[in-house]
Amino acid sequence: MSQNVKLSAILFDMDGVLVDVSRSYRRAIEETVEHFTGRKIGANTVQRYKNYGGFNDDWKLTHAIITDTAMEVPLSRVIEEFQNRYRGENWDGVITEETPLISEASLQALNTEERIMGIVTGRPEEEAEWTLDHFGWKKYFPLLVGKEKQGERPKPHPFPLNHSLTILAAAGRDVSPKESVYIGDSVDDMESARKAGMWAVGIVPPYVDEDEHAPLLRERGAHLVLQDPNELPDLFNRFGEALAAHSHA
């Protein structure tokens, strides 16, 4: 494998990669399930569903867990209850509990003139925008592809990632998939990147078991897996080398 890999676009998933959602999205899932079923579920249950794949949408995941307990609740009711907890009345819900997983210094190091950075997330755009504002990250991410731009083709479909390159091309920045990397924490992220012809880098969030999750990400297409997104600047400075080393491992 060539050691000279040019990266022109660095695309990130948001949850579990840039942002710790263990006390926000994950908590909203658990509390919404308990609200409808009276049953407490743990983080392991949520992760198990995520690992099945096809659950990039936390609303649908919550609905699936409720449905699997033999309860019939309309998706719209589940979304309403979930959003009451997550977003709150006036952006005062558990979204305010989120903390960054990546440092400002790392973002600055990644943000070079040769590369453009973007976010491709299953979050509604309004929530992704709020988070970027909240952490002061807007300047690093000129591209945002949220839930609304993905229609009926969310990850693991390659459409969200392909679409991000289409948006860049329309803005006069032509980037090929081979010069693009997608960084995610789920099996759906890795599959989406592979299908889009991009490099796939997996991140194991701090609230997930690394010994179980890292092999799973590799199995589903990750070229490389990291525990900490703050390792990314160093990785991308020697990306070709790291890929070559891994392919010979």
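**Figure 1. Pairing of strands S1 and S4 in the predicted model.** Strand S1 (residues 9-12) and strand S4 (residues 116-120) run parallel and are joined by 4 bridges. Within this pair, Ala 9 stands opposite Ile 116 of S4. The structure shown here and in the following views is a predicted model.

**Figure 2. Strand S7 and its pairing with S6.** Strand S6 (residues 180-184) pairs with S7 in the parallel sense, over 4 bridges. The bridge partner of Ile 183 in S7 is Val 201. Strand S7 (residues 199-203) is largely enclosed by the rest of the structure, because 5 of its 5 residues are buried. In a regular strand, side chains alternate between the two faces of the sheet. Both faces of S7 are covered: Trp 199, Val 201 and Ile 203 are buried on one side, and Ala 200 and Gly 202 are buried on the other.

**Figure 3. Ile 183 and the nonpolar cores.** The largest nonpolar core comprises 55 residues, of which Phe 12, Trp 137, Phe 141, Ile 183, Phe 236 and Phe 239 touch the most other members. Residues up to four places away in sequence being left out, Ile 183 touches Ile 10, Leu 11, Phe 12, Asp 13, Val 17, Val 201, Ile 203, Leu 232 and Phe 236. Another core, of 22 residues, lies apart from the largest one and includes Val 120, Leu 143, Leu 161 and Tyr 182.

**Figure 4. Packing of helix H3 against helix H4.** The axes of H3 (residues 58-68) and H4 (residues 75-86) come within 9 Å and cross at roughly 115°. The crossing in which H3 passes H4 is right-handed. On the H3 side, the contact is made by Asp 58, Trp 59, Lys 60, Thr 62, His 63 and Ile 66, and on the H4 side by Leu 75, Val 78, Ile 79, Phe 82 and Gln 83. Classified by residue type, the contact of H3 with H4 has 6 nonpolar, 3 polar and 2 charged residues.

**Figure 5. Packing of helix H1 against helix H3.** H1 and H3 pack at an angle of about 35°, and their axes are 10 Å apart. H1 passes H3 in a crossing that is right-handed. From H1, the residues Tyr 25, Ile 29, Thr 32, Val 33, Phe 36 and Thr 37 meet Asp 58, Leu 61, Thr 62, Ile 65 and Ile 66 from H3. The contact of H1 with H3 divides into 7 nonpolar, 3 polar and 1 charged residues.

**Figure 6. The surroundings of Ser 24.** Ser 24 is placed in the loop between strand S2 (19-20) and helix H1 (25-37). The relative accessible area of Ser 24 is 0%, and the residue is therefore buried, the cut-off being under 20%. Its neighbours within four places in sequence aside, Ser 24 is in contact with Tyr 86, Val 94, Ile 95 and Glu 98.

Methods. Residues numbered from 1 in each chain as written. Predicted model: local features only at pLDDT ≥ 70, side-chain atom pairs only at ≥ 80, totals over all residues. Heavy atoms only, no water. Core = buried A, V, L, I, M, F, W, Y, C linked by side-chain atoms within 4.5 Å. Buried < 20%, exposed > 50% of the residue type's maximum accessible area, 1.4 Å probe, protein only. Contact = heavy atoms within 4.5 Å. Axes fitted to C-alpha atoms, helices over the stretch in contact; angles between N-to-C directions. Helix = DSSP H or I, 4+ residues; strand = E, 2+ residues; numbered from the N terminus. Left-handed = near helix turned anticlockwise from the far one by under 90°. Nonpolar A, V, L, I, M, F, W, Y, C, P; charged D, E, K, R; others polar. Pairing = 2+ DSSP bridges.
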